[in-house]
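Q: Please examine one part of this structure closely. A single connected account of its local surroundings is requested.

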Amino acid sequence: MGVEYLKRLRRVLTLLAARGEDLSHALPVYSGAGFTPELRAAEARGEVIMVGLDQLHDTR
């Protein structure tokens, strides 16, 4: 999951904001293959919440 996905997500968020949707919460981003540094930076800024396989299949 990389920066191109983040660009598409930002475009969708722009369209939703133009329609008056509440975008005050970070959106979840799911990946089974991991995340790029760009997406990790977006998570640090509060734009997304990354969810990987390790979180989906927690066997605690």
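A: The account below concerns Ser-31 and the strands around it.

The model is predicted: local features require pLDDT of at least 70, side-chain atom pairs count only at pLDDT 80 or more, and totals for chains, interfaces and linings use all residues. Residues are numbered from 1 along each chain as its sequence is written, and side-chain values use heavy atoms, with hydrogens and water left out.

Ser-31 belongs to strand β1, where strands (E, at least two residues) and helices (H or I, at least four) are DSSP runs numbered from the N terminus. Its relative accessible area is 11%, and Ser-31 is therefore buried, a term that means under 20%, with exposed over 50% and partly exposed in between (1.4 Å probe, protein chains only). Ser-31 is in contact (heavy atoms within 4.5 Å) with Met-1, Val-51, Gly-52 and Leu-53, leaving aside residues up to four places away in sequence. A polar atom of the Ser-31 side chain lies 2.9 Å from the backbone oxygen of Gly-34.

Across the strand pairing, Ser-31 stands opposite Gly-52 in β2. Strands β1 (residues 27–31) and β2 run parallel and are joined by 5 bridges; strands pair if DSSP finds at least two bridges between them. From β1 the chain passes through α2 to β2 in a right-handed β-α-β crossover, that is, a path running clockwise from the first strand over the helix to the second when the strands point away from the viewer. In β2, 4 of the 5 residues are buried.

How values were computed: Polar contact = N/O pair within 3.5 Å; in protein donor to acceptor, adjacent residues only side chain to side chain.
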